[in-house]
Amino acid sequence: MDIMSKRGKLGAFTLWLIAVVIVILVLIPFLCALRISLAYAGTTYVPFTAPITFDNFKTLLFNTLFPRWMVNSAIISIAVAITNTFFASMAGYALARGKFKGNNLLLTLTVFSMGIPYHLTIVFNFLLMYKLHLTNTLLSVILPLAVDPFAIFLARQFILTIPPSYDEAAKLDGCGELGVIFKIILPMSKPLLLILFVTEFMNAWNNFIIPLVMISKSDMKTVTVGIADFSYATLNVNWGVIMAGSLLGSLPTIALFALLSKRFIKSFFVGGVKG
Amino acid sequence: MRSLKWYFLLLPAYFFIFTFYIAPILGVFTLSFTKWAIISEPKFIGTKNYMRLVKDEVFLISLRNTLLFTAILLPSLLTTSFLVALLLYKLTKGIEAFASVYYLPMVVAIVITATIWRVLYSPFGYLNQLLRMFNLPRMIFLSEELVIPSISLALIWRDTGYFSLFIYSALLSIPKSILDAAELDCLNSYQKYRYVILPMMKPVLFFLSLYITIGCFMIFAIVYVMTGGGPGYASMTLLNYMYETGWRYFQMGYAAAQSAVFLCLIILMYYIQRKLIGGGGVYGYYE
């Protein structure tokens, strides 16, 4: 018995060690990027013991368009997060509670749209924005991302979990339709609204193809397109600056994830997630 | 009259869905029969774009590369994520903390992942320094022969943690009683995995297989940043070629034809999925 538990402990320790090794494997690329960004050389390899400088960050923030791109990305992502939170939850509520013609059809349409990648509609969406003279504006990125079918679906699934008997009870207490929405549904949907806002913010921040296609003026670009440009456009590629940009560019999404990581992985810990 | 309220709630969201998802699908099919160089108006040219497509060597290379990515990533991602899922399942402490870190690469923009890995892969970069430490010859990771395996490795690094959570979740849903019964039947741990756990993992593995396959077809940004499709056409994928066609050579009609073929492929995959496991959408993809 004693030997068994000893073996069990040893096994548990080995597993823990493997888990830590994987953590290191996940983090190493970021650490390499950090090391390069804090070095003078601007090369792709910097020994970990080399002296540290913040020159690359200074160059990035004062001599490139990077701050402008960050602002553009922030405007786009916040706008997209707001429109999604607002419109998708409205539609999700209607799909979950509404008794009207075409409910099922709209749901099917939503699930179908969820599977359509931006890349395959981009030719037409570009034509549309071009005809509306919106290319090279932030709107041309915001509009195609403004309502994500996945957000509608998520909202519907969430609101379905709120028992309809709550609505009934509120109505018996004299609440009108609007009262039900504002007094029952909205307060109970706070987790939903938060997750919609955050995932859609990240979705917009990380999107590449839409700003790549819609925007060609350097000062209207987003962080993702700007970083991709960096490594091609400049003659003397300074990897220190590019790595600094990569790290700062991923900071907003990493920070949001760090704040809410429990919520992100929670659904996987219940068991039986299908997708 | 009562349903008017619902339509009011639905209107803004579905205005966007129709404009940016449904109409573009119809639009892409229409555009695929035209010649359109952006500055001029689209001109109807019948099925010429499609005729050109079947004879286009670069398109066929791109298709081959995309299939190659799938052939590499499907088995390797399923294996790595299954192993990581088992690890999480076996861990007794700190599971959530480990899972959060493993999830992390997924929240970073793929463009940034690609930029960082491009640096790691560079001829004098960290990976080659590592090889030198072990007295191994220098490798050109983004050369014609190695470019697809190298990009695949970066994607494995990115996606393993995320996918493992799906499998982990499925492992959690195995009823304790079944595992106890296996124990009572004196199955050793290999037998337990082979005959009890693995069969129960079939639905999630199947779901992930489709997810990964569609994801492989969606590879775009990582190639755009790391190689631009090169050297030559060695890492050109379907989407990278579509982008080149449309926005480098300004042949939007031809790009639309490629999108249309692609859309049919995707719809076919969903159809197969629905037939085989029914319901539930596969969402999320690489860029």
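**Notes on the two-chain model**

1. With 11 other C-beta atoms within 10 Å, B:Tyr249 comes out as exposed. The scale here calls a residue buried at 20 or more other C-beta atoms within 10 Å of its own, exposed at 12 or fewer, and partly exposed in between, with C-beta atoms placed from the backbone. B:Tyr249 sits in the loop that joins helix H12 (238-248) to helix H13 (252-277) of chain B. B:Ala37 is 212 residues away from B:Tyr249 in sequence, yet their C-alpha atoms are 8.4 Å apart.

2. Before going on, some ground rules. Keep in mind that this is a predicted model: local features need pLDDT of at least 70 and side-chain atom pairs count only at pLDDT 80 or more, while totals for chains, interfaces and linings use all residues. Residue numbers run from 1 along each chain as its sequence is written, with chains lettered from A and ligands numbered from 1 in the order in which they are written.

3. As background, most residues other than glycine have a negative phi, and most peptide bonds are trans.

4. Other backbone spots I would look at. A:Asn136 has phi near 70°, again positive in a residue other than glycine; A:Asn136 is in the loop between helix H5 (118-131) and helix H6 (139-145) of chain A. It counts as partly exposed, with 16 other C-beta atoms within 10 Å. In chain B, the B:Gly230 to B:Pro231 peptide bond is cis, omega being near -5°, and B:Pro231 belongs to the loop between helix H11 (221-226) and H12.

5. Overall build of chain A: 13 helices and zero strands. Helices (H or I, at least four residues) and strands (E, at least two) are DSSP runs, numbered from the N terminus. The chain is more spread out than a compact globule, because its radius of gyration is 24 Å, well over the 19 Å that the globule rule gives for 275 residues. That radius is taken over C-alpha atoms, and the rule is 2.2 Å times the number of residues to the power 0.38. The C-alpha trace spans about 75 × 70 × 30 Å along the principal axes. Of the 275 residues in chain A, 43% are buried.

6. How do helices H2 and H13 of chain A pack? H2 (residues 55-63) crosses H13 at an angle of about 75°, with the axes 8 Å apart. Axes are lines fitted to C-alpha atoms, for helices over the stretch in contact, and angles run from 0 to 180 degrees between N-to-C directions. The two are therefore roughly perpendicular, given that under 35 degrees counts as roughly parallel, over 145 as roughly antiparallel, 65 to 115 as roughly perpendicular and the rest as oblique. On the H2 side, A:Asn56, A:Phe57, A:Thr59 and A:Leu60 meet A:Gly240, A:Val241, A:Ala244 and A:Gly245 of H13. By class, this contact has four nonpolar, four polar and no charged residues. Nonpolar covers Ala, Val, Leu, Ile, Met, Phe, Trp, Tyr, Cys and Pro; charged covers Asp, Glu, Lys and Arg; the others, Gly among them, are polar.

7. The interface: 74 residues of chain A are in contact with 81 of chain B, contact being C-beta atoms, placed from the backbone, within 7 Å. H13 (residues 239-266) gives the most to chain A's side, 13 residues. That side splits into 52 nonpolar, 18 polar and four charged residues. A:Ala228, in helix H12 (residues 223-233) of chain A, counts as buried with 24 C-beta neighbours inside 10 Å. Beyond four places in sequence, A:Ala228 is in contact with B:Val111, B:Tyr224 and B:Val225.

8. The largest nonpolar core has 163 residues, and A:Ala91, A:Ala155, B:Ala13, B:Val111 and B:Ile222 touch the most other members. Helix H7 (residues 147-172) of chain B supplies the largest share, 13 residues. A core here is a set of buried Ala, Val, Leu, Ile, Met, Phe, Trp, Tyr and Cys residues joined through C-beta atoms within 7 Å.

9. All 11 residues of H5 (residues 110-120) are buried, including B:Trp117 and B:Arg118. H8 (residues 176-184) has zero of its nine residues buried, so it lies largely in the open.

Conventions:
Two residues are in contact if their C-beta atoms, placed from the backbone, lie within 7 Å.
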